[in-house]
Amino acid sequence: MFTHFLKRLSFALGLLLIFPIVFVYLSWTDSHLEHWQHLFATNLSEYLFNTMLLVLGVGIGTFWLGVSCAWCMVHSHCYARRWIQIGLLLPLAMPAYIIAYTYTGMLDPAQANPIAYWIGQIGDIRSLVGAILMLSLVLFPYVYILTYNAFRRHASTYAETSQSLGLTSWQYMVKIALPLSRPAIFAGVALAMMEALADYGTVAYFGVSTLTTGIFRIWFGMGEASFASQLASILATLVLLVLILEQFQRRKSQYYQNKQTQRQPLSSVSKIQKSGVTFYLTSVIALGFLIPVTQLLIWASAFIPQTDWNEYRTLLWQTLSLGAISGAVIITVALLFAYTERFYPRSIFRYVSQITALGYAIPGVVIAVGVMIPLGWLDIQINALWYSWFNEYIGLIFSGTIFALVLAYCVRFINIAKQNIGNALIATTPSYDDAVMVLGQSRWVLFLKVHLPILRPALLSAFVLVFVDVLKELPATLILRPFNFNTFAVKAFEYASDERLMAAALPAVSIVFAGLIPLYFILKNIYSEEK
Amino acid sequence: MLAVENLEVILGRDKIVHSCTFDLLAGELGCLLGPSGCGKTTLLRSLAGFCQIAHGNISINDQIVSSTAQHVPVQKRNIGYVMQDFALFPHLTVAQNIAFGLHQYEHNALRLRVNEMLELVQLTQFGDAYPNDLSGGQQQRVAIARALAPAPSLLLLDEPFSALDPALRETLVTEIKAILKASKVTSLMVTHDQSEAFAFADKVAVMNQGAIEQWDSAFALYHCPKTRFVAHFIGEGRFISGTDDGKNIRTELGIFAKHNETYEVSKTTSIEVELLLRPDDLVFASDGAFSSIIQSKKFRGSHIMYELAVNGMEERLLCLTPSHNDFAVGSEFCFDIDIAHTVYFPK
Amino acid sequence: MSIVRLFTTITVLVGSLSMPLMAAELNIYSARKEALIKPILNEFSQETGIKVNLITGKADGLITRMRSEKMLSPADLLLTTDVGRLVRAKSFGLTQSIELSNLSNLYIHDPNGHWVALTKRTRPIIVNPEKVAADAILTYEDLTKAEFKGRICVRSSNNVYNQSLVAAMLMQQGEEKTLEWAKGLVANFARPPKGGDRDQIQAVAAGICDIAIINTYYLAAMLNSEGDSARAAQKVQVVWPNQDDRGTHINISGVAIAKYAKNITEAQRLIAFMLRPSSQKWYSEVNQEYPVVPGIEWSKTLKDMGEFKAESVDLEQVGHLNPKALKIMDKAGWL
């Protein structure tokens, strides 16, 4: 009974979440032949080419940074290991568009700064390569976290076996560690690639024409929302391909589950090597976090005298509560989905659930429209009904409220939560379920007393990732928020798009620090294997 | 206590278990023994109520818990179950794990019961430890304590020793048996290891391809196997050909009296049969009636197992003899035959 | 039926917990950034006691929102920073005629009174006076001269000000000439378009290019700031193009009353408030935009940039031509 209710609820929620995505595809019912001809003749090839290059570049960039850092942390020595471990996660709190604004401001040609001049000679940061660098610097922690844990899982048994078989570390990495960790690495790279596909802020600021900027251009410039949706559906299809690849990898990965997580005794290395590794890791952290944050702080401090602290407090409260509410809703829904999939592995719900993952790569603005229009329709229907009974309108219920905003975040970020929770749920073997039942306990007890405590780290990290992403999210927030409702991201954007980088610094740095608070809490869990 | 009648279990399209009938008396320790894939775990899981049955019925304490019409849910069967991987909850302490099934106990009673259980499995000082801090054998005892804590009327154990170090198994089997006997719980274990089964159980069911071939004491399974599969699977031995003339089995190694009939014999014609010779049926004697050449030998501590070739016979024989009778391979070996139970099957 | 009724009632009750407040207030959808409008709204509230609720966002996001909300839309006013969006809102039927007693020909407004301009913004040319002779550029058309190859910076054509510039030219010069001009301009680009107008000013100051097209209020804001950006702004000079013929391109920021506005009186009061001399002066002083009301004194910075002759075109038509302008820029390869 209960589980049937669960299944129906999941189905209803799943359909609600995929509707905005389906809505994007529904745009094909309108014909825009003339526009397509124009686009084919002009910019389409450039959009596609740049998008491919960007995604590929970010894939390679995050792979390199994520895997190399994970390797250094697991299989080599460095100084201040504890600090570096924390530092490698910090770039997650940094929105790509803000790091882009910051570096642009720092490397401004007008500044008489020798470093800026020197870098300016190599090339302009505001380019495709620059966008790839910026995105890679803030997205690599996704790859790093997953790879780090995968490397550690294999470290004890396989690394020692390989050493005993006379393999060098390089051979071990290429022949054993990378192939074994491939599913984890790929999952991280896929996340980063999807973020890159959905990115608008960075590429728009750097003047790189991609599918997302094309979508905005068509929507805003031509006022053709449905044509823009058609373009967005191409983007969603690209994501679908990435996801299918990732699923394919994951299916293979189940054979590689290995419970041993003993700590591998690190072999000793020379001081020079240790310093080199420390230097490398520190520079990654510096580039992805320390340097831009310092710059932002310097700019922000110049604006502190002009800041209205009452307004700032409201802003802080609104931003944090929005993040917390969304995080709680999203992990609840993700948990519901994960259980429905576990109890009904053969149900077609699986496919519904998989489609919801697409939301992650659809630009926020497209999701916002996909959420807004159906909810507006729903509101109109309810009002019509209400009018027929009470002869008055009650106004908007869903659109223009927090509900719409949270729904949009749910569509966009459910995938992050699902990935985290799904992976953790696999670890709760079915024999736990049997053991609980045989001890005369209900499924509720199974969930509350056994699964929930075991899943807690995963839930917490899912919550934090969603929380941080909601803090960073801009386009959907901008379009869907209620009256008098602001977030740091909206504020930072308003100043930055008005080309007032210095004024944007305070809200921008606030996003970063607000994201750091919860990040601190998951640090323990991510590195929990090391006691 | 436990009665299983003509049980049949179908999973998907495959008939995993069929024609199983057996029963256990209160306090008895039973064992399902068979090669892997014979359906013994499925049978155990259907007793627990994890899977529905297709035919027959299962009753515990004279109450039908599973039949085609009825299925008492797992939670209401009052059984204990020890998983192959123990399934100890890693985030709970040993004491909390044991207390998990004691949801109807009050605080003090709960504490008492948990302590009682810890004492039973001799882990009193480990109540606050986490499962991951314990050795395999200790984890297993916790799993058993957890299963026994709610005082189940029946305890089911799924390959409880397979996850453990083989060197430990023998002592553990005896320890667990003592614990179960002490708590007087009716138990049924699944295993593929016959020495475990013999050490543990009062009664053993030998299973093959989903069916129970024989449900008997260990002694009977060894000495009076009812099917050729049981004769092969349990213990060692070799078959030699002979003929059944109605009263005796005639072979090249002599004439042996029949004890019981395992098949219908017509009175007029004699039947070609195979007679089972266990290694202990052959007794070394320097002036023995039969002479043979030693083909190979295996030293087993107190005994030596010889493989022998008797002149003029195709079949090789086995003989287990005290190890002071030490001979080289290729030398002559004389023996007598002393069969207590004549076991034979038609060819 | 009763189940449907029950469900709806529950939904309404649950939903109403998160409903926006709708007292006798004024609800504004604004494409103008909060920082650039909040002070004047606060002043309005203080003076009239009318509470103002604000959502800022991109104009097309707000328009889409109004379309989906239909007659339930809480919006009373739509503020935009460009005429194209006002025209778009009107063509979607989201606006209504503004009845202001003094909505005379003094102001720039829609022929049917569906929108009215609040400020004017111009988009002239700036040059580095050390590198470009004073009379080398007299018109926008001069920018296509071969001598300026590799010397011009301009932001992306994604930007509405560029779209509006091209749309206005399209209206006055026709498609063929406009496309030719756009191609000639692209051929003279010093670099692919990137950054905003301030970046173009910085680029001219830093010598990356010698000529740029920008909105004046960015330059004015930089001149009034301190440090690097003020120094950069001082290095450039404004050239008012086409003074002998059609005039320099202008755009407007404006306001429309939403079709389903519930607080029309309050909305009209705000429009009147924003058009009164003190508010107009505020726009000029603080935002460095040109007042729409004649006779209002400009800020010193604006005065220093000089008087100019502005285009006099039908802004409504310019708005309509926006999509076509975008396609022309596509064809010219203006990213």
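# Briefing on a predicted three-chain model

Chain B carries eight helices and 20 strands, where helices (H or I, at least four residues) and strands (E, at least two) are DSSP runs numbered from the N terminus. The model is predicted, so that local features need pLDDT of at least 70 and side-chain atom pairs count only at pLDDT 80 or more, while totals for chains, interfaces and linings use all residues. Residues are numbered from 1 along each chain as its sequence is written, and chains are lettered from A and ligands numbered from 1 in the order in which they are written. Of the two pairs of chains in contact, chains A and C share the most contacts; two residues count as in contact if their C-beta atoms, placed from the backbone, lie within 7 Å.

**Contacts between chains**

- The contact between chains C and A takes 55 residues from chain C and 51 residues from chain A.
- On the side of chain C that touches chain A, the elements giving two or more residues are helix 1 (2–16), strand 2 (52–56), helix 3 (59–69), helix 7 (197–206), helix 9 (228–234) and helix 14 (322–332) of chain C.
- By class, this side of chain C divides into 20 nonpolar, 19 polar and 16 charged residues, where Ala, Val, Leu, Ile, Met, Phe, Trp, Tyr, Cys and Pro count as nonpolar, Asp, Glu, Lys and Arg as charged, and the others, Gly among them, as polar.
- Between chains A and B, 13 residues of chain A are in contact with 16 residues of chain B, and helix 17 (430–438) and helix 18 (443–472) of chain A each supply at least two residues of the chain A side.
- Helix 17 of chain A gives the most to that side, with six residues, and the side as a whole has eight nonpolar, four polar and one charged residues.
- Chain B and chain C are joined by no contact, and their closest C-alpha atoms lie 35 Å apart.

**Chain A**

- The secondary structure of chain A comes to 21 helices and zero strands.
- Buried residues make up 52% of the 531 residues in chain A; a residue is buried if 20 or more other C-beta atoms lie within 10 Å of its own, exposed if 12 or fewer, and partly exposed in between, with C-beta atoms placed from the backbone.
- Among contacts in chain A between residues at least 6 apart in sequence, 84% join residues at least 24 apart.

**Chain B**

- The C-alpha trace of chain B spans about 75 × 50 × 30 Å along its principal axes, and buried residues make up 40% of its 347 residues.
- Chain B is assigned domain 1 (2–232) and domain 2 (236–346), with bounds that come from an automatic or database domain assignment.
- The centres of these two domains of chain B, taken over C-alpha atoms, are separated by 38 Å, and their contact takes six residues from domain 1 and seven residues from domain 2.
- Five strands of chain B form an open sheet in the order 13-12-11-14-20 with antiparallel pairing, two strands being paired if DSSP finds at least two bridges between them.
- The edge strands of this sheet are strand 13 (254–257) and strand 20 (344–346) of chain B, each of which pairs on one side only.
- Strand 14 (residues 271–277) and strand 20 of chain B pair in the antiparallel sense over three bridges, and the bridge partner of Glu274(B) in strand 20 is Phe345(B).

**Chain C**

- The domain assignment of chain C gives domain 1 (2–121 + 251–304) and domain 2 (122–249 + 309–332), and the C-alpha centres of the two lie 29 Å apart.
- The contact between these domains takes 19 residues from domain 1 of chain C and 18 residues from domain 2 of chain C.
- Helix 8 (residues 216–223) of chain C is largely enclosed by the rest of the structure, because seven of its eight residues are buried; these are Thr216(C), Tyr217(C), Tyr218(C), Leu219(C), Ala220(C), Ala221(C) and Met222(C).
- Ile201(C), placed in helix 7 of chain C, is buried, with 26 other C-beta atoms within 10 Å.
- Not counting residues up to four places away in sequence, Ile201(C) touches several residues, among them Tyr218(C), Leu219(C) and Met222(C).
- Ile201(C) and Val127(C) are 74 residues apart in sequence and 8.9 Å apart in space, C-alpha to C-alpha.
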